[in-house]
Amino acid sequence: AEIQLGPVCIATVWPADLIDSLSDNAPGFISTRLRKRCTGSGYPESGTTISFNANDMGGNKQVEIWAQDLAGNVSSCVVNIQVINPMQNCDPGYYMQTHRPDNSGIPGVTFTLSGQNCLGDTIPAGATAHITTLSSGEWNQFGTLLESGYTSTLTPVKKTNPLNGVSTFDLVTIQRHILGVEPFDAPWKHVAADANLDGKVTLQDVVLLQKLILGLIPDFPHGQSWRFYPKDHVFQNPANPLQPVPPQAIVVPASADPVPTFFQFTGVKLGDVNGNADPKQ
């Protein structure tokens, strides 16, 4: 079936729009519901309508049609939907933003996207191979990226120049924090000081950074250079922001409908607790 987007780039679909015939061997009212495939399980009690937008264009989308009789018996089938835009007035779009705590942009951040739906289908490998933030720390594209029905994980990564912004001044600052002489005054400094990513700031982090500065190791053992967390992350324990460990990705559940199209991350250069790293490196 074809579904046309209207002037406001949204199409609302009812069960009757997709049902050719409906019958039961016993008299009585038959209720009908629908939902996008893999966004839930069982009879969708609240699924009186579903909506499609510009991000649903391209390829077939599968919709589950459900019917339930008075006795509670249910039946379902799957319909393939193609969302079209005859007026050609709708532009799908996704937007990524990677900023430092001071809101300056972080360019050169790449994203990986992984995901799977209830049928075992996975997001095609390389779907995000072309996503790298620009000098502003932002990236956007037209076209489909995430789809409803997939549990999707979006992860930002930047591994370049591990020594960027790391100096003996940072080592002294971290040591003063550990000794309680001058504790960090912002959660992001805890994140930056956790050089070995073990969820705490200890002398092990200082030793690791010393080895990096002295050239005894070429890189962080875990291969990372920057640490990212969702911009809207709330640090539950201001005195110890690393517990629980901040998430390094945004996970979109399969039930999300519509899927989000705007993603914001805060990035911190590991080892740089005074914030003087050059994000362009």
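The protein chain exposes about 14100 Å², of which carbon and sulfur atoms supply 52%; accessible areas come from the Shrake-Rupley method with a 1.4 Å probe, and for residues only the protein chains shown count as cover.

Please note that this is a predicted model, in which local features need pLDDT of at least 70, side-chain atom pairs count only at pLDDT 80 or more, and totals for chains, interfaces and linings use all residues. Residues are numbered from 1 along each chain as its sequence is written, and side-chain values use heavy atoms, with hydrogens and water left out.

As to overall form, the C-alpha trace spans about 80 × 40 × 30 Å along its principal axes. The secondary structure comprises three helices and 13 strands, taken as DSSP runs (helices H or I, at least four residues; strands E, at least two) and numbered from the N terminus.

Turning to the interior, 46% of the 281 residues count as buried, meaning under 20% relative accessible area with a 1.4 Å probe, protein chains only. The largest nonpolar core has 22 residues, and I174, L209 and F220 touch the most other members. Such a core is a set of buried Ala, Val, Leu, Ile, Met, Phe, Trp, Tyr and Cys residues joined through side-chain atoms within 4.5 Å. Two or more residues each come from α1 (168-178), α2 (187-193) and α3 (203-213). Apart from this core lies another, of 21 residues, including Y94, I106, W139 and F263.

Notes. Buried means under 20% relative accessible area, exposed over 50%, partly exposed in between (1.4 Å probe, protein chains only).
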